[in-house]
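Please read the following explanation with the sequence and the model side by side.

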Amino acid sequence: MNRGFIQQSAVKIRAALLGMALLCGYLCLPVSAFSQAAAVPPASAAPVIRITIDDSAVRQLLALIEVRDSSDASVEKWLDLPANQNLLRVGTLEDNLTRAQLKANAVAVINGTATRSTQPEGEIGRLLLTPPGDYRRLLDDLTATKNERISCIARRVAAFSPPGTEAAVTVYLHPGGNWDAINHKDSIYLNIHFWHDYHKPGWDGLNLIIAHEAMHTVQNRAYGNPEEQNDADGAWLTALSKIQREGTARYVEMETDPAPYEPYSYGFHNRALAAEALRGFAQTLGLLERLYTACYPRFDKAHFVAAYREGIEGGGPYYALGHGVAKAIDEKLGRAALIETVSRGPKDFFAKYRALCAKDPTLPPLPTNAAEQISRMKERL
Ligand SMILES: [Zn+2]
């Protein structure tokens, strides 16, 4: 019973990080992300998506557990691994994890004194790998299937990438974190507990979540990731861009693996949630009305922040909103049209959907004031 709560709260925190990116800007892309968009390779080139999986934070902790090496030098070296540095970066921003705390947790895990109550589910510094043999088997299974997985994910993401896209992502697996997956500066950080402790053990859904996060890197390259909330036009475009980014990435993730996932695995749970949320697509379009009235005719930042949070947190209704729009464009206008929206951004994404609605009365329409603002808005800030 606990699992449902923890896993729900962890997903919520993952999405809360995205929400806070808008509020605090700490997951903001550097300015270079925008200049990269201008310096794309020849537009005719086939997209190239490179994926590397780095399991060293898990593998090296397992090695320390095996030989009971909790020496200062070994633990410090482990703490310096990129996955742990990211954990500490988020822990500093959220003020819920210090290097000393993470070190103490690592020592307890290596010495066999850590328990499920001293390192409870959902805590950012939770490093338990219990039983270690299970985790070793998981990593060995991943090693055996890695190449096949990487080509499957790269194929899927490339099929939605503008010509000339070149994207390289490193996926870091690690224990700890109050998220399942985050993308920071084109590196993806995955909390392995979601593939063992928090769901039925196994890698189902790993390809799905990497495809989702890698798609964000493609979006960063093609259009950028606007983060502006100080005026109406900035906030409006930023929120619409997030809806497009999350919705398109979710549409991409859904069919990464055509075969069914094992019941109660991470993939089974998340794909079922996304499919169910999509049933509410027509209702989610009403959220654009709320966003519009927070921005126009007078910008009310507090209302904007509240509306945005409601839409994005917990993998909220903005995901389903963008998912429904992306699916309609892909199915009714074709893949090239959807890829064009990845390069052109939210104005084109919603304008294409609005044009579709004019021709197809079975599609739920955008709220009138939001639709009119979309035709007035700039393509970029
Ligand atoms: Zn996302």
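**A helix and several loops**

Helix H10, which covers residues 266-278, has 13 residues and reaches 19 Å from its first C-alpha to its last, close to the 18 Å expected at 1.5 Å a residue; the expected span is 1.5 Å times one less than the number of residues in the helix. Helices here are DSSP runs of H or I with at least four residues, and strands are runs of E with at least two, numbered from the N terminus. The model is a predicted one, in which local features need pLDDT of at least 70 and side-chain atom pairs count only at pLDDT 80 or more, while totals for chains, interfaces and linings use all residues. Residues are numbered from 1 along each chain as its sequence is written.

Within H10, the buried residues are Tyr266, Gly267, His269, Asn270 and Arg271. A residue is called buried if 20 or more other C-beta atoms lie within 10 Å of its own, exposed if 12 or fewer do, and partly exposed in between, with the C-beta atoms placed from the backbone.

Tyr264 counts as exposed because it has 12 C-beta neighbours inside 10 Å. A positive phi is also found at Asp95, about 60 degrees, although this residue is not a glycine. Asp95 is placed in the loop between H5 and H6, and it is exposed because 7 other C-beta atoms lie within 10 Å.

Another loop, between helix H4 (72-79) and helix H5 (82-94), holds Asp80. Is Asp80 buried or exposed? Asp80 is exposed, since 11 other C-beta atoms lie within 10 Å. Asp80 and Arg99 are 19 residues apart along the chain, and their C-alpha atoms are separated by 10.0 Å.

Two further loops bring in cis peptide bonds. The bond from Thr130 to Pro131 is cis, with omega near -10 degrees, and Pro131 lies in the loop between helix H6 (99-111) and helix H7 (132-158). The bond from Tyr296 to Pro297 is cis as well, with omega near 0 degrees, and Pro297 has its place in the loop between helix H12 (287-295) and helix H13 (301-312).
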